[in-house]
Amino acid sequence: RGGVSDESGAFRASWYPGKVLLYALSEDGEWGVTKLLDGSEESLALVLLPTAKATGQLVENGVPIPGLKLGYSVRVETPDGSGSLALSREVETDDHGRFTLTRLIQGQTYRCTYWWSNSGTTVATVTVADASPIDLGTIEFERSPYREPTYIERMRTAYSATELQSILDVAAFHEQHVLLVVGPDGSAAVRDLFRNCFPGPD
């Protein structure tokens, strides 16, 4: 949930009971702040600080990687331990493998991730101490070779803790919800469902 401040800087916000990470960004993204609330606050004042930028270059075996889409966000711990992602943004490497992470709010740690087939590989972790430019340098990165899994392989890994958390992270990044369907192991109905949802090799 969000809102826009008026000409005087005043704003109203509401959320579900419990802790929440409140953040504010100027329209141009040059100023921002975050504040962790516990739900007891009735009013507060936010002082925006200059945001930072981080630049880097991705290479594979010394060769720049162009056109690679990356996501970066802040992980917020939740009471159930599952966590969620906030301040999510995307960036793409240029022809020389270079990329820039913008609108980085002071005091936060961002994880820059390469997402593929519902799995994520961390490219860089950026802790923002102040508004100074951050140079990530040249990052040697090996893209995992991808093979379309069979529906049996999908069924075997669908409910593992690591895979489920990865799916939840991807959904949170794209502000989506996850529908979990449970059925008996080896069920023909479950296999048919997987075949319909994930066409590919048998």
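**A chat about strands, core and rings**

Guide: Let's begin with a bridge: V20 has L37 in β2 as its bridge partner. One thing to keep in mind is that this is a predicted model.

Visitor: Okay, and how many bridges join β1 to β2?
Guide: Six bridges join them, and the two strands run antiparallel. Strand β2 covers residues 31-37.

Visitor: Which strands make up that open sheet, and in what order?
Guide: Three strands form it, in the order β1-β2-β3, with antiparallel pairing.

Visitor: Which strands stand at the edges?
Guide: β1 (20-25) and β3 do. Each has a single partner strand, so one side of each is left without a neighbour in the sheet.

Visitor: Is T51 buried or exposed?
Guide: Its relative accessibility is 10%, and buried means under 20%, so T51 counts as buried.

Visitor: What does T51 touch?
Guide: Leaving out residues up to four places away in sequence, T51 touches L25, G29, E30, W31, G32, R103, L104, I105 and A131.

Visitor: New topic: how many residues are in the largest nonpolar core?
Guide: That core has 26 residues. L58, L70, L101, L104 and V123 have the most contacts inside it.

Visitor: Which strands supply it?
Guide: At least two residues of this core come from each of β4 (52-60), β6, β7 (84-92), β8 (98-104), β9 and β10 (119-127). β6 gives the most, with four residues.

Visitor: And what does L70 touch?
Guide: Not counting residues up to four places away in sequence, its contacts include L58, F99, C112, Y114 and V123. R89 and E90 are also among the residues L70 touches.

Visitor: How many aromatic pairs turn up in the whole structure?
Guide: Two. In one of them, the rings of Y72 and Y110 have centres 6.3 Å apart and planes at 55 degrees, so this pair is tilted. It links distant parts of the chain, with Y72 in strand β6 (residues 69-76) and Y110 in strand β9 (residues 109-116), 38 residues apart. Y72 and Y110 are both buried.

Visitor: What about Y114 and F141?
Guide: Those two form an edge-to-face pair, 5.6 Å centre to centre with 90 degrees between the planes. Y114 is in strand β9, while F141 lies in the loop between β11 (134-140) and α1 (151-157), 27 residues apart. Both Y114 and F141 are buried.

Definitions and conventions. Residues numbered from 1 in each chain as written. Predicted model: local features only at pLDDT ≥ 70, side-chain atom pairs only at ≥ 80, totals over all residues. Heavy atoms only, no water. Phe/Tyr/Trp six-rings, centres within 6.5 Å; stacked < 30°, edge-to-face > 60°. Buried < 20%, exposed > 50% of the residue type's maximum accessible area, 1.4 Å probe, protein only. Core = buried A, V, L, I, M, F, W, Y, C linked by side-chain atoms within 4.5 Å. Contact = heavy atoms within 4.5 Å. Pairing = 2+ DSSP bridges.
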